Every structure is written in structure tokens, then in C-alpha cells.
Amino acid sequence: MPAILLGLAAAALASALYSLGIAIQALDARAAPAGERLRLALVARLVRRARWVAGTALTVVGWPLQVVALLWASIVVVQPALAAGLLLLLAVSARILGERPRRREWIATLAIVAGIAVLAVAAPGADHHHAHGAPLALALAGLAALTLVPYALDRLERGNATATAVGAGVGYATGGVTTALAADALHRGAWPEALAWGVATGLGSGLGLLSEMSALQELPAIHVAPLVFTIQTIVPVALAPWLLGVGLSDPGQLPAVAAALVLVLGGSWALARSPALLRLGAPG
């Protein structure tokens with residue numbers, strides 16, 4: 001079996017765990033007091049809830065699978081493939097709620113599957129070489145600063161729920177980049193470096209999680225989920241040629257990859273706004 005197919009399989013499984021985990025976490029986050037948004041008090045409250053901890057455990061288990069996926073496929077393929085988790089949530093909603101997917105959901109599903117399939121064919125393979133020194137440090141520092149913007153606005157009493165959702169997407173995007181760097185280190189057998197990137201992933205994704213849970217306290221999932229997913233997909237893919245050694249040298253690669261991303265993101269926006277998925281994640 002080609003390595004890219006193994007990478008896609010690992011990414012799809014990681015995505016399923018991420019999507020289920022975040023859907024479970026959101027149930028308790030919505031019930032938390034609004035005054036705890038973007039504060040460690042929110043985490044302190046949520047870690048006392050067994051359901052939220054179970055959801056967190058699913059997302060933690062998903063991360064090694066994403067690393068494995070990046071050993072076999074490039075981030076240009078793996079990051080958009082994380083949309084596959086939405087397909088699982090759609091199937092779960094149909095099972096639990098007894099609702100048959102409507103035409104809109106079928107079209108969105110086909111768009112996601114088609115986009116991932118095009119990426120599997122058109123995108124370059126995994127390349128375990130990345131930028132070092134100032135370019136990498138500046139890029140990661142910039143992403144970290146953007147992730148912290150919602151917290152700065154909140155301290156200035158100018159907090160904005162949309163900015164919080166954007167910060168969540170940047171936090172997850174940062175985790176996507178550092179996960180790729182961890183996979184590169186593992187490929188070279190540099191275990192201490194891989195561990196360091198793993199810690200960085202935990203910090204970036206942890207801030208992203210707190211921001212997303214806070215955004216869900218103020219905005220419905222129909223607004224938060226598509227925005228977060230779009231940012232966490234576009235940012236790592238856009239940075240890949242400069243930071244992660246992913247080349248798009250073939251003249252036909254860039255248009256094909258761009259078209260595939262449009263399909264995946266368009267399908268994800270439509271599916272994330274599906275009434276069935278929103279009812280699945282509703283309290284009670």
C-alpha cells in the first residue's frame with residue numbers, strides 16, 4: 001500500500017478522535033459560567049467533569065496518530081484530511097437522532113472526499129526537512145502572538161468572541177506545524193527534539209482548546225466550528241512550502257491543491273453548519 005494511503009488512514013482515525021473528543025468537550029464548556037472564559041478557572045472546572053476528561057482523552061490519543069500520518073504523508077494532505085472527522089459525526093448523528101442525511105449533507109460529504117482524494121494524488125509526498133534558525137523562530141513566534149491576542153483583548157476588556165474563535169484556529173494551526181516538526185524529528189531519530197516539539201504542540205493546542213471552549217460559551221457551534229477548522233487548515237498548508245520543506249514544483253500541482261482545498265473547506269463549512277450535527281452537540 002502506498003505510504004500516502006497509510007498516512008490518510010492514520011489522519012482519518014486521528015480526525016475521528018479529535019472530532020468526537022471536541023464534540024464531547026463542548027457539551028460541558030457551554031454549561032460553564034461565562035465569567036470564566038479564557039481563564040484557567042474554566043479548565044479547573046472542566047477537569048472535574050468526567051465527560052469532559054473523556055473527550056480530552058480522545059483528543060490526546062489522536063495526536064500520535066497525526067504524527068504517524070505525517071511520517072507517511074505531507075502536511076498538505078494530512079491537515080485537510082482532518083475534515084474526515086465531520087463525516088463520522090454525521091454518521092453518529094444519523095444513528096443517534098435517526099435522521100437521514102439530506103442532499104446538502106451528501107454534497108458536502110462528496111466534496112470533502114473528492115478534495116482529499118485529489119490531494120492524495122496531486123500533493124507532494126512527505127519531506128522530512130524543514131527550516132531552521134530565524135525563519136522558523138519568527139514564524140512560530142508570530143503564530144504564538146496571534147494565539148494570545150484574544151487573551152490580551154480580554155485583559156483590556158475588549159474581548160470579542162469571533163477573535164477568540166480565530167485565536168483557537170491559530171492555536172490549533174500552531175499545533176499542526178509543531179506536530180509536523182515532531183514527525184520530522186522522529187524520522188531522523190532525534191527523540192529529545194521530538195519531545196520538545198510535542199511539548200510545544202501541547203501548549204499551542206492547549207491554548208487553542210481553551211479559546212475554542214470559551215468561544216462556544218458565547219457563539220453557537222455553527223459559527224465557531226467552520227472558522228476554527230478553516231484557519232487550522234489554511235495556515236499550516238500556506239506555511240508548508242517555506243517552513244516544512246513541502247515543494248509544489250510541478251506546474252499542475254498548485255492549481256490542483258488549491259482546488260482540492262476549496263472542496264474540502266467548502267464541504268466542511270456546509271457540514272459543520274448541518275442542523276443534524278448541531279443537534280448532536282446540543283446540551284441534553
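**Close-up views of the predicted model**

**View 1. Helix H7 passes helix H8 in a left-handed crossing.** A crossing is called left-handed if the near helix is turned anticlockwise from the far one by less than a right angle, and right-handed if it is turned clockwise. Helices (H or I, at least four residues) are DSSP runs numbered from the N terminus. The structure is a predicted model, in which local features need pLDDT of at least 70 and side-chain atom pairs count only at pLDDT 80 or more, while totals for chains, interfaces and linings use all residues. Residues are numbered from 1 along each chain as its sequence is written, and side-chain values use heavy atoms, with hydrogens and water left out. The axes of H7 and H8 come within 8 Å and cross at roughly 155°; axes are lines fitted to C-alpha atoms, for helices over the stretch in contact, and angles run from 0 to 180 degrees between N-to-C directions. H7 is therefore roughly antiparallel to H8 (over 145 degrees; under 35 is roughly parallel, 65 to 115 roughly perpendicular and the rest oblique).

**View 2. Glu157 lies in the loop between H7 and H8.** Most residues other than glycine have a negative phi. Glu157 is not a glycine, yet its phi is positive, at about 60°. With a relative accessible area of 75%, Glu157 is exposed (over 50%; buried is under 20% and partly exposed in between, with a 1.4 Å probe and protein chains only).

**View 3. H7 also packs against H9, at an angle of about 25°.** The axes of these two helices are 9 Å apart. Their angle makes H7 roughly parallel to H9. The crossing of H7 and H9 is left-handed.

**View 4. The second largest pocket holds about 160 Å³ of space.** A pocket is an open set of points on a 1 Å grid over the protein atoms alone, with protein on both sides within 12 Å along at least five of seven lines, whereas in a cavity a 1.4 Å probe fits but cannot get out; lining residues have an atom within 4 Å of a point. Grid points are joined across faces, edges and corners, and a volume is the space filled by probe spheres set on the points. Among the residues that line the second largest pocket are Leu140, Thr147, Thr178, Trp197 and Gly204. Helix H7 (133-155), H8 and H9 each give two or more residues to this lining. The largest share, 5 residues, comes from H9. By class, the lining has 7 nonpolar, 4 polar and no charged residues (Ala, Val, Leu, Ile, Met, Phe, Trp, Tyr, Cys and Pro count as nonpolar, Asp, Glu, Lys and Arg as charged, and the others, Gly among them, as polar).

**View 5. The largest pocket has a volume of about 1,100 Å³.** Its lining comprises 44 residues, of which Tyr18, Ser19, Ile22, Tyr172 and Glu212 lie nearest the centre. The elements that give two or more residues to this lining include helix H1 (3-29), helix H8 (161-187), helix H9 (191-218) and helix H11 (253-272). H9 gives the most, with 8 residues. The lining of the largest pocket has 24 nonpolar, 18 polar and 2 charged residues.

**View 6. The axes of H6 and H11 come within 8 Å.** They cross at roughly 155°, which makes H6 roughly antiparallel to H11. The crossing of H6 and H11 is left-handed. Ile107 is found in helix H6 (residues 103-122), and it counts as exposed because its relative accessibility is 52%. Ile107 and Leu5 are 102 residues apart in sequence and 23 Å apart in space, C-alpha to C-alpha.
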